[in-house]
Amino acid sequence: MPTSDTPPASLLRQPIVVVLGHVDHGKTTLLDKIRQSKVALKEAGKITQHIGASEITAKEISEIGGDLVNRFKLAVQIPGLLFLDTPGHEAFTSLRERGGSLADIAVLVIDVRQGIQPQTLESIRILKQFKTPFLVALTKIDQVDGWKKTKHNSFLHSLEEQAEHVQQKLDNYVYKLVESLYLRGFECERFDRITDFTRQITIVPVSAVTGEGIAELLLFLTGLSQRYLSNGLGLGKTIGKGSIIEVRTERGLGTVLDVVLYEGTLRKNDKIIFSTMNGVAESRVRCLVKPSPKGIEYVDSVSAASGVRIVGHGLDDALPGSPIAACGLDDSAEAGEMEQQVKSILFESAEDGIIVVCDTLGSVEAMLNLLKKENIPVKKTKVGKLTRDELTAASAVSKRDRYLGAIMTFNIGESPAVITEAESLGVKVFAGDVVYSIIENYQQWAVEEREREKSEVLTSKLFPAKIKIIQGCCFRKSRPCVVGVEVLEGKLVSGITLMNKEGMEIGEVKSIQHENETIPSAEKGKKVAISIEGKNAIFEKCINFNDTLYSRLPLSAVREMLNNAKLFTELELALLSELEQLLLRERKIG
Ligand code: GDP
């Protein structure tokens, strides 16, 4: 267990824990099991409840941990762990502040038999990006062949009761995971075999159905938080700061904000500032609501870390994922900083680019980071729904640059009507709930479109080509002249006319042969034999070894290709420019 020089417990707040992982790997079930294990310990009515989050107190952690607390020499110093109830990277990215994440620590859930899946990778990328420490919950161990369910909430106790071949089977899964994470740059190990907590990521095998492993999961989350986060877990600050997890309408209360408070204290009547699409807005806390065993409870204040519902006027435009802060007399600095933050994420630029619409500010930010890495320009970003405004804007861009006239949406559930309208405008919408797959799908589409367009522009006989007559390869001098050539650039197509460096016409390529077979065309790099017919197709008179020949295309076709520069590689473009020059020279001479 990692040890630490942790400050006294009274100075620490609960670390905020987020559960991430691939769909169906068991995130929700795991969170439920953690909550149940706590409920089982409590007499009714004594539970500290939160909006959008669940707290496991230090006492509960120790009780659930039982004898393992001593075995792993853990002194629980934090007041507890605050689990965000909504799992997934959407929730994780909502918990954001100044480009970082408010999640202090994360649990990456991986199904023992399925291993790493696309959203597991997405989660890892996000955790890496935000530099959030995490441990792996290797779930569904009860599904390992031959696993005997036990009543223990400890993995180690349960493991002792498993047959040797079952233990071996589980180990095989663990090592498979260790290997695949190693290939992705992470060193991991099962928690009881870790030798260096600063380097290795902890894997805790669990079953969210039987509860086996929940004890170790809570203990290691506690130990890791205390070891790595203690500096960031101070209660010190007094002004309440949080992140808006959800903006919702409640009957009788109007629009309310579900907030995770991560710093300071928030009080009834506090003035608050938060972000909207149109900048920073302010309001006043009318009531603070927390759940209670009897329903809900109105409280006068809440302190970090805590999940709470804020009731107030003018909250309708608040953005999910936006920071929210109580402010004192002079709040201009705070508001200015908030405004800057939001402006860097939500913007509209005069330049052409794609349009991004996401569910929260955090997911826009995550998307922007990846787009920047891929050098994909962005014209506009938005939190909310996809509307006609974005379609019209993308359609206008598409007329100038069809590859940028596209929209990427993350987790917003587009209406079928909007999609139909987008199609009718020729605007491509890339939707999904895995950021990098959305971007990959867009990139793949762009490549395919380019290829398609390229073959439309290049009708069969209009391929640019540059070839060289190979030294020693003349099989017949004339009528037709048969020589061996290498395709230096572009594509040589049967039927085209060849010209030399001076723009002089040599003759028509009648056939192309490769290994004694006639082929319609030859790509760059290929060595083939060709027959040329024409008045100048006479070897040693008009052409010779090592001569460079070009396909003779109409100047207008070459220019059209140059105007479609995006369809060609740099080298192909260089060849087209060369051809243009040759044709111009020939015109002048002519
Ligand atoms: P999520 O999409 O990651 O939130 O996954 P869920 O929690 O909804 O779980 C997906 C399915 O896996 C459900 O049918 C769960 O009952 C099942 N499941 C989750 N955890 C476990 C586990 O530890 N053992 C077994 N046997 N089933 C599990």
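Tutor: Ala, Val, Leu, Ile, Met, Phe, Trp, Tyr, Cys and Pro count as nonpolar, Asp, Glu, Lys and Arg as charged, and the others, Gly among them, as polar. By that sorting, the shell around the ligand has three nonpolar, seven polar and four charged residues. This is a predicted model, where local features need pLDDT of at least 70 and side-chain atom pairs pLDDT 80 or more, while totals for chains, interfaces and linings use all residues. Numbering starts from 1 along each chain as its sequence is written, and side-chain values use heavy atoms, leaving out hydrogens and water.

Student: Why is Ser292 called buried?

Tutor: Buried means under 20% relative accessible area (1.4 Å probe, protein chains only). Ser292 has 13%, so it's buried. You'll find Ser292 in strand β15, residues 287-292 (a DSSP run of E, at least two residues).

Student: How do you know that Leu30 touches Val107?

Tutor: Contact means heavy atoms within 4.5 Å. Leu30 meets that with Val107, and also with residues including Ala208 and Leu217, leaving aside residues up to four places away in sequence. Leu30 and Val107 are among the residues with the most contacts inside the largest nonpolar core, which has 120 residues.

Conventions: Core = buried A, V, L, I, M, F, W, Y, C linked by side-chain atoms within 4.5 Å. Buried < 20%, exposed > 50% of the residue type's maximum accessible area, 1.4 Å probe, protein only. Helix = DSSP H or I, 4+ residues; strand = E, 2+ residues; numbered from the N terminus.
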